[in-house]
Structures are given as C-alpha cells and as structure tokens.
Amino acid sequence: MKPIACIVLPTYMEAKNLPLLLPRIFAQQNRIPTHDLRVLVVDDNSPDGTQDAVRAEMERFPGLHMITGEKKGLGVAYQRGIEHALAEFKPDLIFEMDADLQHNASLLPDFIARTNQGYSVVIGSRFVAGGETPDFAMHRRLISVCGNWLTRHVTGIADIRDITSGYRCIKADLLARCNLYHLATRGYAFQTALLVELVNHGGCFVEIPIIFPDREFGQSKLSARDYFEFLWVLLKLGWEGRHRRS
C-alpha cells in the first residue's frame with residue numbers, strides 16, 4: 001500500500017470552480033507512482049451549492065472527502081482540515097492549495113518528486129526564476145512583493161522568496177510537530193505564521209516556480225481585515241523571534 005498525499009482544500013463559494021479543479025487533481029494520479037492522492041475539502045458552509053458540487057464529484061472519485069463548519073477564516077479552516085487529515089488518513093504528505101483554479105494541479109507530481117528527494121517543505125513560488133503573476137495589477141504585485149520583503153526582514157527567513165504562497169507540500173511528520181493553534185491567526189496570515197513555525201521545527205525547504213493567474217470565477221476573499229491581521233502577525237512573529245534568540 002502506497003503512502004498518502006492529502007490535499008487540504010479550504011472552500012467558500014467555489015461551486016463553479018470545484019467541478020473543474022477536482023478532476024484535474026485526480027487526473028495526476030497516473031503521474032504519481034509513489035503516493036495515493038486524497039482530497040479533503042474543508043467548506044465553510046458556502047451558500048452557493050459548493051457542498052452539493054463536492055458530493056456529486058464524490059461519486060466519481062473515492063479519494064474525495066469533505067468536512068464542513070462555520071466560516072471563521074482561512075487559517076481556522078486549515079487548522080481543522082490539517083488536524084482531520086492527520087487523524088483520519090495518516091498521510092505522508094499534506095498539500096495546501098487554493099480552490100479557485102489559480103494553483104495548477106499538473107504541478108502536483110513535481111511537488112511530490114521534490115519531497116522524494118529529501119525536502120520536507122516544497123513551496124510553489126511566484127518570485128523565483130520562472131514564476132510569474134501575469135494578471136496582477138501593478139498595485140497588487142507591489143503589495144505581494146513588499147509583503148514578502150517585509151516578512152523576510154521581520155522573521156529573518158532570508159532564503160525563501162515566496163513566504164506568503166498558498167501552494168505547498170509539507171511532510172506530515174514535520175507538520176504534526178507544529179502547534180497550529182499557537183499561530184493565533186484566523187485569516188490569510190496563517191500561511192506566513194505556519195511557514196515560520198515550520199522553519200523553527202527544522203523544515204528543509206525548496207521553491208519551485210509557479211504561474212499564478214487571476215481567478216476565472218468568483219472574487220478574491222482578501223479583505224482589509226486580512227491586511228491588518230497580516231501586519232499584527234508580523235509584529236508578533238518578530239517579537240517571538242527576538243525572544244527566542246535572547
């Protein structure tokens with residue numbers, strides 16, 4: 001029996017995207033000889049029929065699973081999704097991935113191949129050679145670049161170019177050593193806080209380039225609250241880092 005690679009897929013209002021994304025994910029199984037794929041959809045009680053769309057796909061894909069709950073933010077969805085995946089599937093690998101078609105499912109075998117080479121965290125990076133954000137407006141590209149620069153400066157993680165990326169593959173044994181609930185973030189800042197936690201637990205990192213286009217359906221979930229939370233989390237991470245080194 002092959003080890004499991006579980007993709008944790010937080011969703012809210014993704015009824016149009018999932019019937020396109022889920023077949024693309026499971027189509028990669030033939031290109032992944034070392035692992036069996038599982039997908040865990042973590043839906044925040046979407047009112048648009050997202051859960052019905054997932055149930056329809058479950059009839060085609062036995063490796064597809066779903067848990068539901070109250071909408072509390074991306075970070076909370078990942079916390080409960082990762083916890084559920086670790087307990088239920090005993091995976092070797094856990095993926096973080098967006099459900100809005102901005103993350104290319106055909107790269108899944110490349111992520112897994114890098115973990116087979118000894119890396120414990122593989123990051124899909126927009127900011128290494130070959131990575132692109134072709135549809136970003138100038139202000140959005142500036143926010144992303146400045147956010148990553150500020151995070152590297154505050155946290156001291158100088159070797160990772162795309163700290164805020166949401167497309168990652170992580171060794172489950174490394175993830176299990178992290179205290180996800182210590183991260184104290186409900187929204188998108190979870191990605192930054194988790195990466196710092198993985199660094200602190202000795203993760204071995206590599207970045208692979210991704211093309212990050214604009215989403216085809218729906219709207220971005222980023223809000224002003226997410227930006228403010230990101231800055232607060234950076235202050236917290238910076239303080240904790242100085243305290244750890246003192």
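Reply: Here are some questions about labels, each answered from a value and its cut-off. This is a predicted model, in which local features need pLDDT of at least 70, side-chain atom pairs count only at pLDDT 80 or more, and totals for chains, interfaces and linings use all residues. Residues are numbered from 1 along each chain as its sequence is written, and side-chain values use heavy atoms, with hydrogens and water left out.

Me: What makes a stretch a helix or a strand here, and how many are there?
Reply: Both are DSSP runs numbered from the N terminus: helices (H or I) have at least four residues and strands (E) at least two. By that count the chain has 8 helices and 7 strands.

Me: Why is Arg168 called buried?
Reply: Buried means under 20% relative accessible area, exposed over 50%, and partly exposed in between (1.4 Å probe, protein chains only). Arg168 has a relative accessible area of 0%, so the label buried applies. Arg168 is placed in strand S6.

Me: Why is helix H7 described as largely enclosed?
Reply: In H7 (residues 190–200), 9 of the 11 residues are buried, so the rest of the structure largely encloses this helix. Among the buried ones are Phe190, Gln191, Leu194 and Glu197. After H7 comes Gly202, with a positive phi near 85 degrees.

Me: How do you know that the buried residues of helix H4 lie on the same side?
Reply: In H4 (residues 108–116), Leu108, Pro109, Phe111, Ile112 and Thr115 are buried. They cover an arc of only 160 degrees around the axis, which puts them on the same side of H4; the arc is that of the directions from the helix axis to the C-beta atoms. The partners they pack against include S1, helix H1 (18–26) and strand S7 (205–209).

Me: What makes strand S4 a partner of both S1 and S6?
Reply: Two strands pair if DSSP finds at least two bridges between them. Strand S1 (residues 4–11) is joined to S4 by 4 bridges and runs parallel, while 4 bridges join S4 to strand S6 (residues 168–171) in an antiparallel arrangement. Ile7 stands opposite Phe95 in S4, and Leu93 stands opposite Lys171 in S6.

Me: Which way do the residues of S4 point?
Reply: Leu93 and Phe95 point one way, Ile94 and Glu96 the other way, and all are buried. In a regular strand the side chains alternate between the two faces of the sheet.

Me: Why is Thr133 called buried, and where is it placed?
Reply: Its relative accessible area is 7%, so Thr133 falls under the cut-off for buried. Thr133 sits in the loop between strand S5 (121–125) and helix H5 (138–155). The C-alpha atoms of Thr133 and Ile211, 78 residues apart along the chain, are separated by 6.1 Å.

How values were computed
Contact means heavy atoms within 4.5 Å.
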